[in-house]
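Please keep the sequence and the structure in view while reading.

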Amino acid sequence: MAVKLDPLPQTYFEDIEVGDKLPGFSYDLTWTEMVKQVSGSQDFYAVHHDPPFAQSGGHSGIFYNTGWTRANLYRLLADFAGPDGWVRKLHFEMRRMNMADDTIVVSGEVVGKEQTEDGNVVEIELSIQNDREGMATRATGTVLLPSRG
């Protein structure tokens with residue numbers, strides 16, 4: 001039996017304004033999710049699965065990896081851009097770790113928009129915050145959006 005998925009809504013350049021908040025999401029980082037993340041990414045560096053090893057490096061425990069962080073930020077940008085939009089650029093700085101038992105919130109805000117020769121460019125500031133330490137990752141992204149016309 002085929003599963004029918006509803007397509008993401010399309011965001012159009014004309015419908016957004018500087019200051020608009022992106023529909024973000026939250027995520028509970030369980031130990032099961034950590035196992036799936038390490039297994040799926042095949043990032044078997046011990047800081048992501050061996051608590052004593054992570055602690056020997058000065059960390060309080062194991063933590064989610066860079067690829068996982070990038071994927072959550074990209075998900076927010078891609079969902080916002082919609083099926084006919086395009087994620088052009090993502091830059092992020094991991095400042096604190098996201099660990100099992102944290103709850104994260106991934107959010108963003110439109111900080112600029114401009115029509116250029118390359119298309120309808122939208123600049124976005126993003127972040128990942130967790131309930132243990134607050135701001136964990138700051139990011140900026142650029143998406144290209146279609147016009148309604």
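Helices are DSSP runs of H or I of at least four residues, and they are numbered from the N terminus. The model described here is predicted.

The buried residues of H3 are Trp68, Thr69, Asn72, Leu73, Leu76, Leu77, Phe80 and Ala81. An α-helix has 3.6 residues a turn, so residues three or four places apart point the same way.

**The sheet**

Five strands form an open, antiparallel sheet, in which the order is S1-S3-S4-S5-S2. Strands S1 (25-28) and S2 (86-94) stand at the edges and each has a single partner strand, so one side of each is left without a neighbour in the sheet. From one strand to the next, the twist averages 20 degrees. S1 runs antiparallel to strand S3 (residues 103-116), to which 4 bridges join it, and Asp28 stands opposite Thr103 in S3. Helix H3 packs on this sheet, where it touches S1, S2, S3, strand S4 (119-130) and S5, and the direction of H3 makes about 145 degrees with that of S2.

In soluble globular proteins, nonpolar side chains tend to be buried together. In this model the largest nonpolar core has 28 residues, and those with the most contacts inside it are Phe80, Val122, Ile124, Val143 and Leu145. The elements that give two or more residues to this core are helix H1 (31-41), H3, S2, S3, S4 and S5, and the largest share, 6 residues, comes from H3. Val143, leaving aside residues up to four places away in sequence, touches Leu77, Phe80, Ala81, Trp86, Val87, Arg88, Asn120, Val121, Val122 and Ile124.

Gln10 is placed in the segment before S1. Although Gln10 and Pro83 are 73 residues apart along the chain, their C-alpha atoms are separated by 6.2 Å. Apart from its neighbours within four places in sequence, Gln10 is in contact with Ala81, Gly82, Pro83, Asp84, Gly85 and Pro146. A polar atom of the Gln10 side chain lies 2.7 Å from the backbone oxygen of Ala81, and a polar atom of that side chain lies 2.7 Å from the backbone nitrogen of Asp84.

| Residue | Relative accessible area | State |
|---|---|---|
| Thr137 | 0% | buried |
| Thr69 | 1% | buried |
| Gln10 | 18% | buried |

Definitions and conventions:
Residues are numbered from 1 along each chain as its sequence is written. This is a predicted model: local features need pLDDT of at least 70, side-chain atom pairs count only at pLDDT 80 or more; totals for chains, interfaces and linings use all residues. Side-chain values use heavy atoms; hydrogens and water are left out. Buried means under 20% relative accessible area, exposed over 50%, partly exposed in between (1.4 Å probe, protein chains only). Two strands pair if DSSP finds at least two bridges between them. Axes are lines fitted to C-alpha atoms, for helices over the stretch in contact, and angles run from 0 to 180 degrees between N-to-C directions. Contact means heavy atoms within 4.5 Å. A nonpolar core is a set of buried Ala, Val, Leu, Ile, Met, Phe, Trp, Tyr and Cys residues joined through side-chain atoms within 4.5 Å. A polar contact is a pair of N or O atoms within 3.5 Å; within protein, one must be able to donate a hydrogen and the other to accept it, and residues adjacent in sequence count only if both atoms are side-chain atoms.
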